[in-house]
Amino acid sequence: MSKVQVMDHPLIQHKISYIRGENVGTKEFREVIREVASLMCYEATRDLKLQDVKIKTPICETIGKELEGKKLAVVPILRAGLGMVDGMLSMIPTAKVGHIGLYRDPETLEPVEYYCKLPSDCSEREVFVVDPMLATGGSSVAAIQMLKDKGVKNIRFLCILAAPEGVERMQKEHPDVDLYIGALDECLNDHGYIVPGLGDAGDRIFGTM
Ligand code: PRP
Ligand code: URA
């Protein structure tokens, strides 16, 4: 069964509480999403493997640590996932970036695919899928299936808010994918929105309310 890590870092909790507020404007919302993503990236990369490296400092030779050669990729689920990319890259600047376009049909709540462009060697990479919201789980389950269909084996999923329903569905459909969650909320409402949530993440990031 996958690992589910709900962030307990005070800075992450503080920042998430702040952006829930309905009066936070687009500029600030976008900035704080980026900051939370970078802090979450720090937590989600805690177990990356290291190898010894010889270093010559101005004083002497020594052995330090560097990330083992494993290649990384960040894959946002469009649109809202785009808001997390810069924060992720501030921590792992050499990662490649792929894009998966999905939107949730407002009537059926089912994901509709409209775009997929991934690094050519994606199947050899450790992939961090990012989307601020895990609600019913339909979008993230579909995005991860698209990656698996292209041969990707090592996948982690990062979201800023999750509903228990989405977590359960992800664990059922993709038990091999570890989940990193900024805050775990109470439930979904009748329209499939996370409660208490923060509203429509894509609209708030891009100002399309
Ligand atoms: C939102 C969000 C997730 C999805 C979550 O995207 O960014 O991708 O809904 O809901 P689910 O877990 O029930 O699938 P949306 O469909 O609103 O598209 P957008 O990012 O283009 O605004
Ligand atoms: N998508 C969002 O943007 N917000 C929600 O609460 C649920 C799905």
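Which elements cover the buried residues of α5? The cover includes β1 (4-6), β9 (133-134), α4 (138-149), β10 and β11, where contact means heavy atoms within 4.5 Å. Helices (H or I, at least four residues) and strands (E, at least two) are DSSP runs, numbered from the N terminus. The structure is a predicted model, in which local features need pLDDT of at least 70 and side-chain atom pairs count only at pLDDT 80 or more, while totals for chains, interfaces and linings use all residues. Residues are numbered from 1 along each chain as its sequence is written, chains are lettered from A and ligands numbered from 1 in the order in which they are written, and side-chain values use heavy atoms, with hydrogens and water left out.

Helix α5 spans residues 164-173, and its buried residues are Gly166, Val167, Met170 and Gln171. A residue is called buried under 20% relative accessible area, exposed over 50%, and partly exposed in between (1.4 Å probe, protein chains only). Glu168 and Lys172 are exposed, on the face of α5 turned away from its buried side.

Ligand 1 is surrounded by 15 residues, of which Arg104, Asp131, Thr136, Gly137 and Ser139 are the closest. A residue counts as near a molecule or strand if one of its heavy atoms lies within 4 Å of it. Oxygen atoms of ligand 1 take part in polar contacts with the backbone: the distance is 2.7 Å to a backbone N or O atom of Arg104, 2.9 Å to a polar backbone atom of Ala135 and 2.8 Å to a polar backbone atom of Gly137. A polar contact is a pair of N or O atoms within 3.5 Å; within protein, one must be able to donate a hydrogen and the other to accept it, and residues adjacent in sequence count only if both atoms are side-chain atoms. On its own, ligand 1 has 500 Å² of accessible area, and the protein covers 91% of this. Accessible areas come from the Shrake-Rupley method with a 1.4 Å probe; for residues, only the protein chains shown count as cover.

Thr136 is located in the loop between β9 and α4. With a relative accessible area of 16%, Thr136 is buried. A polar atom of the Thr136 side chain lies 3.1 Å from the backbone nitrogen of Gly138. Apart from neighbours within four places in sequence, Thr136 is in contact with Arg104, Leu109, Glu165, Gly166, Arg169 and Leu188.

Around ligand 2 are Arg104, Met133, Ala135, Gly192, Tyr193, Ile194, Gly199, Asp200 and Ala201. An oxygen atom of ligand 2 lies 2.8 Å from a backbone N or O atom of Ile194, and a nitrogen atom of ligand 2 lies 2.8 Å from a backbone N or O atom of Gly199. A polar backbone atom of Ala201 is 2.9 Å from an oxygen atom of ligand 2. Taken alone, ligand 2 exposes 240 Å², and 88% of that is buried by the protein.

Side chains of opposite charge can pair when their charged atoms come close. The structure holds 12 salt bridges, a salt bridge being a side-chain nitrogen of Lys or Arg within 4 Å of a carboxyl oxygen of Asp or Glu. In one of them, Lys15 meets Glu35 at 2.6 Å, N to O. This pair links distant parts of the chain, with Lys15 in helix α1 and Glu35 in helix α2, 20 residues apart. Glu35 is partly exposed, at 27% relative accessibility.
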